[in-house]
Amino acid sequence: DGRRFTTAVLCEYEPVSRRLTYVNAGHNAPILRRANGALEKLETGGLPLGIKVDAAYQTASLELRPGDALILFTDGVIEAFNASGEEFGNERWLQTIRGLPDWNGHLCVKYLMERVDQFVGATRQADDITCMVFRSK
């Protein structure tokens with residue numbers, strides 16, 4: 001019907017309590033990589049914005065601990081493809097996140113994007129590839 005929509009994730013972090021509150025409006029679920037290596041998907045929320053005028057959204061909260069890394073990314077990351085047309089995919093992305101070194105956010109983004117770049121090679125992509133990493137101290 002010519003409707004437009006967008007996906008989004010909104011997060012609020014309170015450093016004193018270490019509490020992260022978030023809502024996910026149909027976006028790729030951010031991945032929380034705990035310092036011990038466990039992965040959690042931040043899926044709580046609702047439909048993409050613009051799909052339904054009276055859509056209801058739930059929020060969730062969790063505590064970030066020292067060494068945790070929150071990885072936010074666009075679908076272009078997992079849909080990145082190589083010269084053979086093979087997608088980077090969710091499983092490869094999760095495996096890459098599991099191997100994330102205990103570095104600052106900037107270096108973590110560099111590490112993750114280098115893995116995607118190695119997979120893609122010189123293949124021109126059809127979508128943006130965006131990633132952000134928030135490290136908890």
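A: F5, L47, L49, I51 and Y57 make a nonpolar surface patch of about 430 Å². (Patch members have over 30% relative accessible area and no salt bridge, and nonpolar side chains are joined within 5 Å; a salt bridge is a Lys or Arg side-chain nitrogen within 4 Å of an Asp or Glu carboxyl oxygen; areas are Shrake-Rupley, 1.4 Å probe, with only the protein chains shown as cover.) This is a predicted model, with local features needing pLDDT of at least 70, side-chain atom pairs counting only at 80 or more, and totals for chains, interfaces and linings using all residues. Numbering runs from 1 along each chain as its sequence is written, and side-chain values use heavy atoms, leaving out hydrogens and water.

Zoom in on L47: it sits in the loop between β5 (45-46) and β6 (60-63) (DSSP runs, helices H or I of at least four residues, strands E of at least two). L47 counts as partly exposed because its relative accessibility is 38% (buried is under 20%, exposed over 50%).

Now go inside. The largest nonpolar core has 21 residues, and I71, W93, L112 and V116 have the most contacts inside it (a core is buried Ala, Val, Leu, Ile, Met, Phe, Trp, Tyr and Cys joined through side-chain atoms within 4.5 Å). At least two residues each come from β7 (69-73), α1 (75-78), α2 (89-98), α3 (105-120) and β8 (131-135). The top contributor is α3, with 7 residues. Skipping neighbours within four places in sequence, L112 contacts I71, W93, T96, I97, L100, C131 and V133 (heavy atoms within 4.5 Å). There's also a second, separate core of 9 residues, with Y22, L42, L62 and L64 among them.

Notes. Patch = residues over 30% accessible without salt bridge, like charges linked within 9 Å, V, L, I, M, F, W, Y side chains within 5 Å. Buried < 20%, exposed > 50% of the residue type's maximum accessible area, 1.4 Å probe, protein only.
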